[in-house]
Amino acid sequence: MKPNTAPSSPLISFCVLITFLTVFYLWKEIVAFFAISIPSGQSRVYMVYGLWFIPPLLVMGFLFGFKNLFVEVGVRAKGNEGKEEGFVSNFLIAIFFALFCTLPMLVSSAVLGRFDGEFSWQGLFFKTLGAALSEEFLFRSFLFGVLFRRAKWGFIPAALLGAVIFGIAHLYQGSTWGELLGIFLVTAMGAGWFAWLFVEWRYNLWIPIFFHTFMNLSWVLFEVSPNALGGGASNIFRGITIALSIILTIHYRRKIRKEALTLKKSSLFWQI
């Protein structure tokens, strides 16, 4: 590919979809075909997470340049006039904003739930920050982010694709048709909400990562529900967290940044 020649939208879409489907769905078949020995326990988790990171990072690097990789991923965001913003500032803003908004969930889970004292620190890491890092990178940064930012898909089709796959991936938690439908809707809508936050915070991936981390933490430390559907009381506080994030995001963009929201009607379905 020639320098300064941007890849076409169809090429970007093809590369992203093939890579995503391969690492998310076909890795077991690939491993079986080449007769690769799969470790068990935490080693297996490391292997799967590595597969989720390495091929997408290579694809993003080849398509958009490895020197721009941190910006493309979202660990460094684009500021005003296209200038890169610092890693530390993006990280700190994300962790404090996410912690403040998820406090209702953390506190209510501690009050309403039962503390699960039987956990390992390694297991806690993988169920909270580890899961958030891998899932937000693959679904938000790579699948949604590249399709929306680079392939010029509209927000709705790009977010909907990831939301549907994300919702289906959590159906193992349900046992009845009602639970299956509820889990699918809750997780799919959560994926759409994370995608919106990612866009409005100028593609700062740390925002959905830390929301995901702290929300998982409230469920892992304190048993409030056997699955992602949650209960009546816990869902009230989950709703408060979502509402807080939306209100504060709009306030931040309009009052502090003096900027209009990124997402406009013209970018909902297809970007020209």
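**Salt bridges and a nonpolar patch**

The side chains of arginine 140 and glutamate 136 form a salt bridge, with N and O 2.7 Å apart. The model is a predicted one. A search of the whole structure turns up four salt bridges. There is also a nonpolar surface patch of about 560 Å².

**The pair within helix 6**

- Both partners, arginine 140 and glutamate 136, sit in helix 6.
- They are four residues apart, which is about one turn of the helix.
- Arginine 140 is buried, because its relative accessibility is 2% and the cut-off for buried is under 20%.
- Glutamate 136 is buried too, with a relative accessible area of 0%.

- Arginine 150 pairs with glutamate 72 in a salt bridge, and their closest N and O atoms are 2.3 Å apart.
- Arginine 150 is partly exposed, at 35% relative accessible area.
- Glutamate 72, by contrast, is buried, at 7%.

- A salt bridge joins glutamate 259 to arginine 253, with 3.1 Å between the closest N and O atoms.

**Background on pairing**

- Side chains of opposite charge can pair when their charged atoms come close.

**The nonpolar surface patch**

- Six residues make the patch: Leu99, Phe100, Leu103, Val107, Val111 and Leu112.
- The area of this patch is about 560 Å².
- Leucine 112, one of the patch residues, is found in helix 5, which covers residues 87–112.
- Leucine 112 has a relative accessible area of 53%, so this leucine counts as exposed, the cut-off being over 50%.

Technical notes
Residues numbered from 1 in each chain as written. Predicted model: local features only at pLDDT ≥ 70, side-chain atom pairs only at ≥ 80, totals over all residues. Heavy atoms only, no water. Buried < 20%, exposed > 50% of the residue type's maximum accessible area, 1.4 Å probe, protein only. Helix = DSSP H or I, 4+ residues; strand = E, 2+ residues; numbered from the N terminus. Patch = residues over 30% accessible without salt bridge, like charges linked within 9 Å, V, L, I, M, F, W, Y side chains within 5 Å. Areas by Shrake-Rupley, 256 points an atom, 1.4 Å probe, with all protein chains shown as cover.
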